[in-house]
Amino acid sequence: MLAVKSAVDATATHKPLVSVVKVQKTYFARQAPVQAVASASLDVARGEFVSLLGPSGCGKSTLLMMIAGLEQPTGGSILLSGDEIKKPRRDIGVIFQDATLLPWKSAIENVLFPVRILKLPIEAYRQRAQELLHMVGLSGFEHKKPAQLSGGMRQRVSICRALIHDPDILLMDEPFSALDAITRDQMNVALSEILETYKKTVIFVTHSIREAAFLSDRVLVMGGRPSTITLDMKMPFQRPRRFEIEETAEFAKVCRKLRLTIEEAHNSPPPAQNPAVETRAGTIGGGPQ
Amino acid sequence: MTSTRLASTGMGTETGAIIAVPASSREAGLTGLRSTALPLGLAAIVLAGWQLAVTLGNVPAVILPSPISIAKYIVERYDILLMHAVPTTLESAAGFVLATLLGVALAIIITYSEIAREALYPNLVFFQLIPKIALAPLFIIWLGIGSQSRIAFAVFIAFFPVVISTTAGFASVDKGMLRLCRALTASEWQIFTSVRFPAALPYIFSGMKIAITLAIIGVIIGEFITAQAGLGYLIIFATARADTEISMAAIVVLCVCGLLLYGLVALGESFANRFYSADNQ
């Protein structure tokens, strides 16, 4: 199998928080089954920031949605502290590509939305919501509705919403890919600052090499047809990270290595001629994201 | 009939919105003035022309009474008109409320049950093709000559637009929002109350606005067929006696009642907008 066993296993002193074991996902479409994920295995330690990096259609979002419990794997298992994840859990927070705010609720009410859903005491969390909005630079915008906020501001509200009930794990599905490049850079810095304050275990899906390298402790490259994890690489940068690290030669070297791995996987021969990859009838690489 | 109404209402608001877009505040003021002055002016001209034609052309009052004589009748006999306006308005309101409840309930069933959707929806659309007015006499047979048969008939012709627009409203919910709710382990009931229903409110109100006018039509038709009171009864009664002036006066009062009921729905909508609008207050 191409799946690379996590490098953390050797170094981590305790058990991984999240374990993905030989997970596969096949969509049974009308014409032919579509295999989105062939076999993926990974471990994430508590407090770690891990990125899943790969081109569109490589199944990385599908894998993330399975970890979120929003989709069921067709093979393998996903464990959180040893328990199998079968449905969504309140200790996992998810941030999607779109901010998906309630348009009729103010920013702070949107941040408090999970508190209402989880039937926690609203007033006890109002203070925390204020703090979170302050942290992401949205003081003074608490009572604005989403239509009056920019795309970056809306996504910051959605990050606050994911943090409000203090889940252990944050799953982020290309959260900044709908933003312009400048806003995106700002959001990357803002996110790493937030995570210095609110320590979280993060699994972050992106197709931006620089974003993955800047934010992560570890980058897993997904690719190939059908897709697997083809590289597991530690990011050798100190924290806290500032934007300057993107200008270092080391950063360029890391990005180059990641890019080459992605291209390699992308140009690999079709599964039938690749002995390392299991073949199945009707298998098509890639799949719905 | 309903579907053309639906379409034309939509078109109307759209064009209205396009015309109403102001370029500057001064222009906005002028546009505001124009949008009141123009229709009022036109109505005044038509009424004056009517008055003039009736007076100069010596048109008998049986064929067409003059606007002034109609107004005079309304002022002098407002007690009779009011007496007949009350049952019509109350029955219309009752029919409308029941049609709304039935429409929303059916929309919920259609939204949440695939089997119900597949079984119900084609039948509802087919049902809509029946010229429903033709069924009015049957309601008298089934439910008698009391107000229940008129209310039932009003519900019968008014609930359809509520079902259609509410179903569309429930389906209009952002899929990402539903996924977020599932990720937060929200129950179906929580999703309905906090996301689906508020998102559908504008659709529900547009259905209700059509339903209220249809409910009034339903009650009037019922009153045409059988009633001892009500504006529809008054119109039929006066016309039979060739008392066109009373008929016309009753129609004017009917318009006022219709406006009143429609206004209440619009008021409810703007109240809901205070909580469920995307604009800041």
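How many helices and strands are there in chain A? Chain A has nine helices and 10 strands, where helices (H or I, at least four residues) and strands (E, at least two) are DSSP runs numbered from the N terminus.

## Basis of the model

This is a predicted model, in which local features need pLDDT of at least 70 and side-chain atom pairs count only at pLDDT 80 or more, while totals for chains, interfaces and linings use all residues. Residues are numbered from 1 along each chain as its sequence is written, and chains are lettered from A and ligands numbered from 1 in the order in which they are written.

## Chain A and its domains

Of the 289 residues in chain A, 47% are buried, a residue being buried if 20 or more other C-beta atoms, placed from the backbone, lie within 10 Å of its own, exposed if 12 or fewer, and partly exposed in between. An automatic or database assignment divides chain A into domain 1 (1-91 + 171-289) and domain 2 (98-167). Contact is made between 13 residues of domain 1 of chain A and 12 residues of domain 2 of chain A, two residues being in contact if their C-beta atoms, placed from the backbone, lie within 7 Å.

## Backbone details in chain A

The peptide bond from R239(A) to P240(A) is cis, with omega near -5 degrees, and P240(A) belongs to the loop between β10 (228-234) and α9 (249-266) of chain A.

S81(A), in the loop between β4 (75-80) and β5 (83-84) of chain A, has a phi near 45 degrees, a positive value in a residue other than glycine; S81(A) is exposed, with 12 other C-beta atoms within 10 Å. E174(A), in the loop between β7 (169-173) and α7 (181-197) of chain A, also is not a glycine and has a positive phi of about 45 degrees, but E174(A) is buried, with 22 other C-beta atoms within 10 Å.

## A helix pair in chain B

The axes of α4 (residues 78-112) of chain B and α11(B) come within 10 Å and cross at roughly 40 degrees, the axes being lines fitted to C-alpha atoms over the stretch in contact, with angles from 0 to 180 degrees between N-to-C directions. Among the residues that meet are L81(B) and H84(B) in α4(B), and A249(B) and V253(B) in α11(B).

## Contact between the chains

The contact takes 21 residues from chain B and 20 residues from chain A. On the chain B side, α8 (175-183), α9 (188-225) and α11 (244-276) each supply at least two residues, and α8(B) gives the largest share, seven residues.
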